[in-house]
Amino acid sequence: MSDYTGRFAPTPSGPLHVGSLVAALASRADALAHQGRWYCRIDNIDPPREVSGSAQGLLNTLSEYSLDWHDDVIWQSDQLDKYSNALKTLQAQGTLFRCYCSRKFLTGRPCCASNCRQFSVRADDCELHDKPDISGDYSIRLALTGELTVRDRIQPPLVLNFDKDLQDVVLRRRDCLASYALACAVDDATVITHVVRGADLFPGSAIQIAIMQQLDLLPPVYAHTPVIVDLNGRKLGKQTGAEAIDKLPRVDTLLYAWQLLGQSFEPAQRTKNIEEFWHLVPSAWSIDKVPRRVELPA
């Protein structure tokens, strides 16, 4: 077993579709090729978006496709103390501020520094809730400045100028829930050495790296797989009515996702069942063959 540690971290907002299967397959294949560990984490820190029963449905589908993970499932909802401690560390550094701005006010603005960076954060502001607090009237943001270049194993480098491209990132929401950016930054830098996930999350990875750097944490190595889009350029996902894979033929669907990732098996290798498929994956996987973009046929 190598030091490689990967993960697949779906949000429980609906069933898995082909786009999410592509990311899960790439993540596990890369871990297997490196003789590493691969964990399953359920990113369930946004109760308003969570669909009842979805988390268990995701786990059932992963098992049906033999996307087997090491050890117990990791639940982000169990990690709130870690996220609160990270907030307290940043609060002590003086890099956090209260933001009273609405999304409407911030539209088209690079950040809310001119209005809100003057509002300091207290230690008790860093306590997080496991249910939304509708009485909250401010979020907590991290002031980001300067430029960050993120290199990737698949995509071209991403350069972000935090003074121009992004608003100061929210770490604690107005409803006192942990933000996705904070939770993923803490979790991925704590345990994970390699993150393989969809390219639509690439800008978010850059933000998470910035958070990790502020916390003096070591970022993982990233690889962002192609976003699967239709001929109209629409991302294949829950919002566009992508078909759930739990009713699709397992082997055929795995092979389809494998091909979308630019992978193939030797002609003499015949994949008749899931066990044979996963037996062939470690030696056949090549991240160098993964395309940067995939467009589905009509």
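Q: How many bridges join strand β2 to β3?
A: Strands of a sheet pair through backbone hydrogen bonds, either parallel or antiparallel. Here 2 bridges join β2 (residues 37-42) to β3, and the two run parallel. Strands are DSSP runs of E, at least two residues, and helices are runs of H or I, at least four, numbered from the N terminus; two strands pair if DSSP finds at least two bridges between them. Arg41 has Ile74 in β3 as its bridge partner. Keep in mind that this is a predicted model, where local features need pLDDT of at least 70, side-chain atom pairs count only at pLDDT 80 or more, and totals for chains, interfaces and linings use all residues. Residues are numbered from 1 along each chain as its sequence is written, and side-chain values use heavy atoms, leaving out hydrogens and water.

Q: Which strands stand at the edges of the sheet?
A: The open sheet has 3 strands in the order β1-β2-β3, with parallel pairing. β1 (5-8) and β3 (74-75) stand at the edges, each with a single partner strand, so one side of each has no neighbour in the sheet.

Q: Which residues touch the most other members of the largest nonpolar core?
A: In soluble globular proteins, nonpolar side chains tend to be buried together. A nonpolar core here is a set of buried (under 20% relative accessible area, 1.4 Å probe, protein chains only) Ala, Val, Leu, Ile, Met, Phe, Trp, Tyr and Cys residues joined through side-chain atoms within 4.5 Å. Of its 44 residues, Leu67, Trp258, Phe277, Trp278 and Trp285 touch the most other members. The largest share, 8 residues, comes from α1.

Technical notes
Buried means under 20% relative accessible area, exposed over 50%, partly exposed in between (1.4 Å probe, protein chains only).
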